[in-house]
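Keep the structure open as you read.

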Amino acid sequence: LQPLYRTGDVVCGPKSVGRHVDNHIGEDCIIRLTTGEQVIRTLHRGSSAGRYTLRSLNRNVEDIEGASVDWVAPIQMIFRGQT
């Protein structure tokens with residue numbers, strides 16, 4: 001089963017930086033881009049070294065290609081919100 005994240009949920013996981021980011025290819029992660037934006041996406045290799053494709057969990061939202069990331073945190077816990 002693939003997890004479903006809803007508005008009001010709190011998700012968390014340990015941060016990975018640098019070369020350890022590649023260990024989380026294919027996982028759902030909290031991702032902080034070098035622009036400061038934070039997203040929840042599935043991490044995939046990009047077309048060049050040090051760049052990633054961030055696949056959206058929602059098929060109606062476009063993927064982010066060629067992203068430069070500051071850090072990733074693979075989602076390990078989900079606390080369901082009350083909304």
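## Asp-22 and Arg-45

In this predicted model, Asp-22 and Arg-45 join their side chains in a salt bridge, with 3.6 Å from N to O. Asp-22 sits in the loop between S1 and strand S2 (28-33), while Arg-45 belongs to strand S3 (residues 38-45), so the bridge ties together parts that are 23 residues apart in sequence.

## Arg-80 and Asp-9

Next, find Arg-80 and its salt-bridge partner Asp-9, whose closest N and O atoms are 2.5 Å apart. This pair links distant parts of the chain, 71 residues apart. Arg-80 is in the segment after strand S7 (77-79), and Asp-9 is in the segment before strand S1 (10-12).

Is Asp-9 buried or exposed? Its relative accessible area is 16%, so Asp-9 is buried, the cut-off being under 20%. Arg-80, with a relative accessible area of 37%, is partly exposed.

## Asp-63 and Arg-55

Another salt bridge brings Asp-63 together with Arg-55, and here the closest N and O atoms are 3.6 Å apart. Asp-63 is partly exposed, with a relative accessible area of 34%. Arg-55 is also partly exposed, at 38% relative accessibility.

Notes: Residues are numbered from 1 along each chain as its sequence is written. This is a predicted model: local features need pLDDT of at least 70, side-chain atom pairs count only at pLDDT 80 or more; totals for chains, interfaces and linings use all residues. Side-chain values use heavy atoms; hydrogens and water are left out. A salt bridge is a side-chain nitrogen of Lys or Arg within 4 Å of a carboxyl oxygen of Asp or Glu. Helices (H or I, at least four residues) and strands (E, at least two) are DSSP runs, numbered from the N terminus. Buried means under 20% relative accessible area, exposed over 50%, partly exposed in between (1.4 Å probe, protein chains only).
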